[in-house]
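Please look over the structure shown here before reading on.

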Amino acid sequence: MATPVLRCCCPARRWALAYTDRGSRHGIGAPAGSRSSGKRGQSSVVPQPLITAEKPRKGEHKWAAVVGLEIHAQISSKSKLFSGSQVHFAAPPNSLVSFFDAALPGTLPVLNRRCVEAAVMTGLALNCHINKKSLFDRKHYFYADLPAGYQITQQRLPIAVRGSLACSVRVGRTQSQAVNKTVRIKQIQLEQDSGKSLHDDRRSQTLVDLNRAGVGLLEVVLEPDMSCGEEAAVAVRELQLILQALGTSQANMAEGQLRVDANISVHHPGEPLGVRTEVKNLNSARFLAKAIDYEIQRQIIELENGGEILNETRSFDYKLGCTVPMRDKEGKQDYRFIPEPNLPPLLLYDSASVPAGADPQQVINIDQIREQLPELPSVTREKLIQQYGMLPEHSFTLLNEVGLLEFFQNVIKETRAEPKKVTNWVLNTFLGFLKQQNLAVGESPVTPSALAELLNLLDRKAISSSAAKQVFEELWRNEGKTPAQIVSAKKLELMQDRGALERLCLSTMEEHPQVVMDVKKRNPRAINKLIGLVRKATLGRADPALIKEILERKLSS
């Protein structure tokens, strides 16, 4: 068959009643198309408040929760999957719509090469088997924001199958108390996104924006190997980091570039799996964890009260902290999958099977893409731990905050300070200021060079730790001064005259005889109080370690 033409484009939260059943498997079924609105067919049922589940008493039945995920990641591409329309977030409504996106008669799809390469690269990073032949299908359903009445997807033979995602699930308060978990990946498939329905409740009307219609998506289907919200959130966060490291998706959940559907059921261990519900369109790892934990708890309480679980689609109301019904699935929807007649099979090659004389722009070589794979987050974290003696939880924080690892590495390059001290300043002081001001790393008024210069001053004992914090606060105000200029202007240099410091220590001891007596009585707090008094007298310009050395020598004489 002909090769399709490619278009080139430039657990602390774990609750008591759920117990992990590692041997259980939960069928996910046909992946549902990603939807932007949660109001279609929404029930008027008032959601019940969250009730905290009690720990089961001895002899009571235990429950096992089973969670599977369908994750839709928007591919980082300048144009859409099958048309030349550009992709921009927050563009004016219906300003990025081609004839094909609007499903005008006679228009044909042209496959975007970049999207195919992104799917292959993602599959390789997730240990998937890449199918050298994959097929496109039409999935029929009817919504206002799907002009063609069908979505082009890969139902029968997706581009990648049978992968795995390794992540670290925290079981204590720190990441060092964690267990490694592997979640199986059923498949990765290419498909179109739908448009967006905007509901105007005041005017009782719905408006349609087709800018998103036809944008390329990677649907990553995770097998039901998770048992609580925390495990699901960790898996999604790890996938998000991998996608960002690969550059295949920006995976910004706030902009809808990564959306998650969770399939959840509960059952008694050893018994058949329970009826599952699907919670749609979760766009935050925190809300994902809350929605899953609530839904597990809701199902347990419902079953223990003699009720039954409906096979339905639900949404998560983050204001109420609970899931609410959207539509039932009792009458299984017939998507009427058929082969896409306008797209021949997608053929991929490895180095050994590339046809002789083939146009490089029309051939995708799996081995070449494998060679281009960047360093993955798990490898980066291990390097940080080995190279800098960093705690595991610190390596996770550096990668979890966008741009923070690059900032840290730039500081390391320009300072003589120990990596442990750099880590402390970046993760505590610098990140703390960012959180207070609700800023991203790229918006920080303090540059890596400025922080490196400040740490150099501290490292050569030109200033004290308290003075360094004052300098950092001045840098944060972004007044255009260097750390050295701030130190000079505010006279924050450490006292270099040892004789003057010894005289100051002696006068302080004479002015506070009671504190001196407490020190001689071996009161552990008294020496610290004496050091504090001397530092106060020096306006924080003396080295505490040197003050302590002088005081101990004078007290022992």
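What follows is a short account of the whole chain, one of its strands and its cysteines.

## Basis of the model

This is a predicted model, in which local features need pLDDT of at least 70 and side-chain atom pairs count only at pLDDT 80 or more, while totals for chains, interfaces and linings use all residues. Residues are numbered from 1 along each chain as its sequence is written, and side-chain values use heavy atoms, with hydrogens and water left out.

## The chain as a whole

The protein chain holds 15 helices and 19 strands, these being DSSP runs numbered from the N terminus (helices H or I, at least four residues; strands E, at least two). Of its 557 residues, 50% count as buried, that is, under 20% relative accessible area with a 1.4 Å probe and protein chains only. The accessible surface comes to about 27,500 Å², with 51% belonging to carbon and sulfur atoms, as computed by the Shrake-Rupley method with a 1.4 Å probe.

E3 runs antiparallel to strand E14 (residues 258-267), joined by 10 bridges, and Ala64 stands opposite His267 in E14. E3 also pairs in the antiparallel sense with strand E13 (residues 216-226) over 7 bridges, where pairing requires that DSSP finds at least two bridges; here Gln74 stands opposite Leu217 in E13.

## Cysteines

A search of the whole structure finds 0 disulfides, a disulfide being a pair of cysteine sulfur atoms within 2.5 Å. Cys167 counts as buried because its relative accessibility is 5%, and Cys228 counts as buried at 2%.
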